[in-house]
Amino acid sequence: MPPRVTMLGSALRWRGYEHDDAAPPSMSTGAVSPQQPSVPLRYRLNVDSMSAAQLTAFRAAMTSAMGISDERGYNYQAGIHGLPLPISCDIAHGHSIFLPWHRAYLYFFELTLRDQQPDVALPWWDWSTDPAIPVAYDEQRVNGAANPLYSAKVDPVALEQGARGKDPRAPMTLREPDSDGAPPLPSNSDIEEVLALGSFEDFTHQLENLHNNVHMWVGGNKGHMGDIQFAAFDPIFWAHHAMIDRVWRLWQLRHPQAGVPATLLNEALPPFKMTVAQTIESATLGYEYAAQATGGTGTGG
Amino acid sequence: MQIFVSPVIENPAGGEQGDFSRADLIFYGVDHSGPSFEARVFLNNPDAKAGTPRDDASRYAGSFTVFGHAGCAGDVGHCDVPMGPRDPFDRRPPHALTPQTKTVIVTDALRKISDPEVTITVVPVRPGAEGAEVVDALRFERFSLLTYG
């Protein structure tokens, strides 16, 4: 029987694919493009659907990266977004390259984790159907050890610069989810509304606003997620942005003729050595978001 | 500015309910150098406050959220946005704090306004463990209310 692969389609939810191995199954990925090596893609999963082995591997990768103080480490990657200066995401927020810039950011961060655990992929937090901090990110300790998804140590240089700018923050990331006055988390209908928008400019603008709401919902007043300068130090930042990236992927499937305006394609995405055009197809970056995935062995040829 | 209440402006829908497919309220030149906040927009409700419900009865129209810089971490001048014309050979990206444009889709809310005139109220709210508060962080250059046939 040939492999059967069901990709995203219109489904917004991961629908119960279960397996015990840390690695995703091998499967056909369609025609091979010049940019896409003929190897299986990795699948980013809903964090609530990860197996115990996958979650353990992901946590191990985060812990290892958090223990590295040079550019291979968590703090360096988190600091690209905000402090320490320069605040590189400035070229992205409020601009049309918001989605491509963050896709590149996730890509390089995922590679950083994969240097520690070869098979890990970033999970996504579907706040539209799970309007709470996911359990995997909300447990302070796991098996007697600190949970690297609960909190992270903030780069001391970032803290010093933030304090100089009258934005002092705690040395370990914290959250104030669902504080009084926080904007609501985006609902399924909110996502459906942005997915229905036919223009990329319109879509990215409205999706970025929903993204901003999630930052404020998690961070509240004193939490790191609510502040551009410190948001990426919170481990949940990456699951939130994987969800945003996934919604973009869903939009791409619904509007295959729309796309990013041609005038943007050659834009660089500093500090990443990548252009907007190089972020368009997630498959060329080696990953997909699966609603369902099954597979099997081939002919062995 | 804390709460913004616009002068009375003409309702571009002319009070003819449903005679448009979409309505956008666009804020230009939005400052994002300060704290993060949610700007809640109400139509024909000049008394809206932080505690005003987001519902039809309150004429809530939607919101935009500013993901703010929360101050300047650089040296003197670091956060000053250059003014005036730019050298055509200057290929650097725009200054980090170049003001932004925010669009709130207000189609449903405007359809419920039958008056020929409308006022826009914007309430900037910051959440907190001790309760929501209106923050003095809302700054923008102008706004437009547009409808599309």
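Asp178(A) is found in the loop between helix H5 (156–164) and helix H6 (188–195) of chain A. Helices (H or I, at least four residues) and strands (E, at least two) are DSSP runs, numbered from the N terminus. This is a predicted model, in which local features need pLDDT of at least 70 and side-chain atom pairs count only at pLDDT 80 or more, while totals for chains, interfaces and linings use all residues. Residues are numbered from 1 along each chain as its sequence is written, and chains are lettered from A and ligands numbered from 1 in the order in which they are written.

**Backbone features**

Most residues other than glycine have a negative phi, and most peptide bonds are trans. Asp178(A) is not a glycine, yet its phi is positive. Asp178(A) is partly exposed, with 15 other C-beta atoms within 10 Å. A residue is buried if 20 or more other C-beta atoms lie within 10 Å of its own, exposed if 12 or fewer, and partly exposed in between, with C-beta atoms placed from the backbone. In chain B, Asn44(B) lies in the loop between strand E4 (37–43) and strand E5 (60–66). Asn44(B) counts as partly exposed, because it has 18 C-beta neighbours inside 10 Å.

| Residue | Phi |
|---|---|
| Asp178(A) | about 55° |
| Asn44(B) | about 50° |
| Lys166(A) | about 65° |

Two cis peptide bonds are described next. One joins Leu83(A) and Pro84(A), with omega about 0°. Pro84(A) is found in the loop between helix H2 (74–81) and helix H3 (98–114) of chain A. A cis peptide bond with omega about 0° also joins Leu85(A) and Pro86(A), and Pro86(A) is found in the loop between H2 and H3 of chain A.

The buried residues of H5(A) are Ala158(A), Leu159(A), Gln161(A) and Gly162(A). Seen down the axis of H5(A), these residues fall within an arc of 165°, so they line one face of the helix. The arc is that of the directions from the helix axis to the C-beta atoms. The buried residues of H5(A) pack against H2 of chain A. Two residues are in contact if their C-beta atoms, placed from the backbone, lie within 7 Å. Lys166(A), with its positive phi, comes just after H5(A).

Strand E4 (residues 268–269) and strand E5 (residues 272–275) of chain A pair in the antiparallel sense over 2 bridges. Two strands pair if DSSP finds at least two bridges between them. Leu269(A) stands opposite Phe272(A) in E5(A), and a hairpin joins E4(A) to E5(A) through 2 residues.

The secondary structure of chain B comes to 1 helix and 10 strands, in the order β-β-β-β-β-β-α-β-β-β-β along the sequence. Its C-alpha atoms fill a box of roughly 50 × 45 × 20 Å, taken along the principal axes. Of the 149 residues in chain B, 35% are buried. The mean pLDDT (the predictor's confidence in each residue, from 0 to 100) of chain B is 92, and 97% of its residues reach 70 or more. The model scores ipTM 0.92 and pTM 0.89.

The contact takes 31 residues from chain A and 26 residues from chain B. On the side of chain B that touches chain A, the elements giving two or more residues are E5, strand E6 (100–105) and strand E8 (120–126) of chain B. E5(B) gives the largest share, 3 residues.
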